[in-house]
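Let's take a walk through this model together, starting with its rings and moving on to its helices. Have the sequence and the 3D view open side by side as you read.

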Amino acid sequence: MPDTTDAEGLTVGQVSARLDVTVRALHHWDEIGLARPSLRTPAGYRLYTAPDLERLHRIVVYRELGLGLDKIRAVLDDSATDVPAALRAQRAQITARIDRLRQLGAGLDRMIDAHEHGLLLTIEQQAAIFGPGWNPDGPVEARRRYGDTTQWRQYAERSASRTPEEWQAVADDTARLERALGEAMDAGVTPGSPEANHLVERHREVFASYFPLSRQMQVCLGRMYESDPGFAAHHDAIRPGLATWFRQLVDAAARAHGIDPATATWDEDR
């Protein structure tokens, strides 16, 4: 299409450049009768007159305000249309959208913080929820050791939306489980028994507050409870020897499900 100017109008290309509107949009508005060029050249090319250009300016303004084409047509052509009311309705929609975007932005900020720091609680909240023995540097160390794993991502996703009250519930569930483990050890519960297997399943359920725990992963975790000085000290403070006893419970439960604890790996599927 030539980009020439008739004495009485502007070509589609010229209008497109002047209004920063695509030629495709101009053709569409022409086809639906929203903004038709008033003239044609002898060769049949569309030409927009000054009144056409004024209408297009108005269409562009209303489109930038977010009005749909049907609503724009009503504003321009229907004398019964209450334009201020239509604009107020559009403003209400935009305000709601802005509020939603702000909420999304806040959610993204929390997700970023959770991926970078793990626990979105103040030091005071951590101490109140997890007790005086809680190490506030624990999440930092966990991020350093496990930050590139799927499980850290799953933990961060849960942490991002968890309130202090929900963390308190997690801490309470963990405390109840640890008390039950201590009482079961005192009662002489043996690995492989129904009572022991129930406790192993309960451990998986409680631990799922952080990330899903497969049986193979639980075997690896049981080893860490026994071998890591920090975890071993925590469990043995509940009952001396608890870390080793619980690892034996986990191993026996794993064998019952066809898993050899000696060869178990951090497998998310079993």
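Rings of Phe, Tyr and Trp (its six-membered ring) are paired here if their centres lie within 6.5 Å, with planes under 30 degrees apart called stacked, over 60 edge-to-face and the rest tilted. By this rule there are eleven aromatic pairs. One of them joins Tyr155 and Tyr210, a tilted pair at 6.1 Å centre to centre with 40° between the planes. This pair connects distant parts of the chain, since Tyr155 is in helix H8 (residues 150-160) and Tyr210 is in the loop between helix H10 (194-207) and helix H11 (215-227), 55 residues apart. Helices are DSSP runs (H or I, at least four residues), numbered from the N terminus.

The model is predicted: local features need pLDDT of at least 70 and side-chain atom pairs count only at pLDDT 80 or more, while totals for chains, interfaces and linings use all residues. Residues are numbered from 1 along each chain as its sequence is written, and side-chain values use heavy atoms, with hydrogens and water left out.

How accessible are Tyr155 and Tyr210? For accessibility, buried means under 20% relative accessible area, exposed over 50%, and partly exposed in between (1.4 Å probe, protein chains only). Tyr155 is buried, at 11%, whereas Tyr210 is partly exposed, at 23% relative accessibility. Another pair is formed by Phe207 and Phe211, which are edge-to-face at 5.1 Å centre to centre, with 80° between the planes. Phe207 has a relative accessible area of 16% and is therefore buried; Phe211, at 11%, is buried too.

Leaving aside residues up to four places away in sequence, His115 touches Arg143, Trp152, Arg153, Ala156 and Glu157, where contact means heavy atoms within 4.5 Å. At 24% relative accessibility, His115 is partly exposed.

Phe207 takes us to the packing of helices. Two packed helices are described by the angle between their axes and the distance between the axes. The axes are lines fitted to C-alpha atoms, for helices over the stretch in contact, and angles run from 0 to 180 degrees between N-to-C directions. H10 and H11 pack at about 95°, with axes 11 Å apart. H10 is therefore roughly perpendicular to H11, a description that covers 65 to 115 degrees. On the H10 side, Val200, Glu201, His203, Arg204 and Phe207 meet Arg215, Gln218, Leu221 and Tyr225 in H11.

H11 also holds Met217, which is buried at 0% relative accessibility. The C-alpha atoms of Met217 and Thr265 are separated by 6.7 Å, although these residues are 48 residues apart along the chain.

Which helices do the buried residues of helix H13 pack against? They pack against helix H9 (164-186), H10, H11 and helix H12 (229-238). Among the buried residues of H13 are Leu242, Trp245, Phe246 and Leu249. H13 (residues 242-256) has 15 residues, and at 1.5 Å a residue it should span 21 Å, which agrees with the 21 Å between its end C-alpha atoms. The expected span is 1.5 Å times one less than the number of residues. After H13 comes Gly258, with a positive phi near 80°.

H9 and H13 pack at an angle of about 90°, their axes 11 Å apart. That makes H9 roughly perpendicular to H13. Here Leu181, Ala184 and Met185 in H9 meet Leu242, Trp245 and Phe246 in H13.

Finally, visit the loop between helix H1 (12-19) and helix H2 (23-31), where Asp20 lies. Most residues other than glycine have a negative phi. Asp20 has a positive phi, near 55°, and is exposed at 69% relative accessibility.

Note on methods:
Helix = DSSP H or I, 4+ residues; strand = E, 2+ residues; numbered from the N terminus. Parallel < 35°, antiparallel > 145°, perpendicular 65-115°, else oblique.
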